[in-house]
Amino acid sequence: MALTCRCLARRMLKYTLLPRVATARFASNGDDRKSGAYPRTPEERAAAAKKYNIRVQDYEPYPDDGFGWGDYPKFPAVHEDYKDPHGDWDFPDQRRNFGETPHIDYDVMVRNRPAPYLEGDNIPQWKQAAILGGVLVTLGFLFYAGQKYKLFQPAAPKQYPYNDLWIEKGGDPDNIPVKPKHYEF
């Protein structure tokens, strides 16, 4: 019975739009952009360059070293943060144009990730250690001063009605004290 229900559910989902929208394979560029076999001849290189919308002179595939990139073009690693922010982009939030083939590590070069490929943006380790040490020393001093000199919010005694509940607390009803005033005006 469970097998029958599972098969029916798969058949029903096959013809709905939700699985197609929800899966990543339909959200990709399609089968025409999937990398093929590594080009060995000049004709294969020209066909691969045409497939990726690149001039044959500019087309250079990744080396055939067994990682399986195939005929995917080797682009320079340019992080989105370092592209022109005022350029006339088709997709300004991604800083790319329609039909532009993304880099093989595009998921690493989006704007919500740090730029790992560029030199000169890294803070030296001695400066990182100095900043960390300064933060830790400052926090340690603040904790020490907070333990030595305690600071509390000023508080007045709790106020109760009926002369601070004199009778309810067991006081003599004939000898009710004067209600204390916790204010001055």
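Partly exposed means a relative accessible area between the buried limit, under 20%, and the exposed limit, over 50%. Keep those cut-offs in mind on this tour. The model is predicted.

**Stop 1: R55 and D58**

Select D58. Its relative accessible area is 46%, so D58 is partly exposed. R55 counts as exposed, at 54% relative accessibility.

**Stop 2: K83 and E100**

Select K83 and E100. This is another salt bridge, and here the closest N and O atoms are 3.7 Å apart. K83 lies in the loop between helix 4 and helix 5, and E100 lies in the loop between helix 4 and helix 5, so the pair ties together parts that are 17 residues apart in sequence. E100 is partly exposed, with a relative accessible area of 28%.

**Stop 3: R40 and D64**

Which residue forms a salt bridge with R40? Select D64: the closest N and O atoms of R40 and D64 are 2.7 Å apart. R40 sits in the loop between helix 3 (24–27) and helix 4 (42–51), while D64 sits in the loop between helix 4 and helix 5 (125–148), so the pair ties together parts that are 24 residues apart in sequence. Colour by accessibility. R40 is exposed at 60% relative accessible area. D64 is partly exposed at 47% relative accessibility. The structure holds 5 salt bridges, including this one. Side chains of opposite charge can pair when their charged atoms come close.

**Stop 4: the aromatic pairs**

How many aromatic pairs does a search of the whole structure find? There are 2. Select Y52 and Y72. Their rings form an edge-to-face pair, 5.4 Å centre to centre with 70° between the planes. Y52 lies in the loop between helix 4 and helix 5, and Y72 lies in the loop between helix 4 and helix 5, so this pair ties together parts that are 20 residues apart in sequence.

Are Y52 and Y72 buried or exposed? Both Y52 and Y72 are buried. Next, select Y62 and W69. Their ring centres are 6.1 Å apart and their planes meet at 45°, so the pair is tilted. Y62 counts as buried, at 12% relative accessibility. W69 is partly exposed, with a relative accessible area of 34%.

Return to Y52. At 1% relative accessibility, Y52 counts as buried because the cut-off is under 20%.

**Stop 5: R96 over Y106**

Select R96 and Y106. What lies over the face of Y106? R96 does, at 5.4 Å from the ring centre.

**Stop 6: the nonpolar patch**

Switch to a surface view. Select I131, V135, L139, F141, L142, F143 and Y144. Together they make a nonpolar surface patch of about 770 Å². Now pick out L142, one of the patch residues. L142 is found in helix 5. Its relative accessible area is 52%, so L142 is exposed.

Note on methods:
Residues numbered from 1 in each chain as written. Predicted model: local features only at pLDDT ≥ 70, side-chain atom pairs only at ≥ 80, totals over all residues. Heavy atoms only, no water. Salt bridge = Lys/Arg side-chain N within 4 Å of Asp/Glu carboxyl O. Helix = DSSP H or I, 4+ residues; strand = E, 2+ residues; numbered from the N terminus. Buried < 20%, exposed > 50% of the residue type's maximum accessible area, 1.4 Å probe, protein only. Patch = residues over 30% accessible without salt bridge, like charges linked within 9 Å, V, L, I, M, F, W, Y side chains within 5 Å. Areas by Shrake-Rupley, 256 points an atom, 1.4 Å probe, with all protein chains shown as cover. Phe/Tyr/Trp six-rings, centres within 6.5 Å; stacked < 30°, edge-to-face > 60°. Lys NZ or Arg CZ within 6 Å of the ring centre and 35° of its normal.
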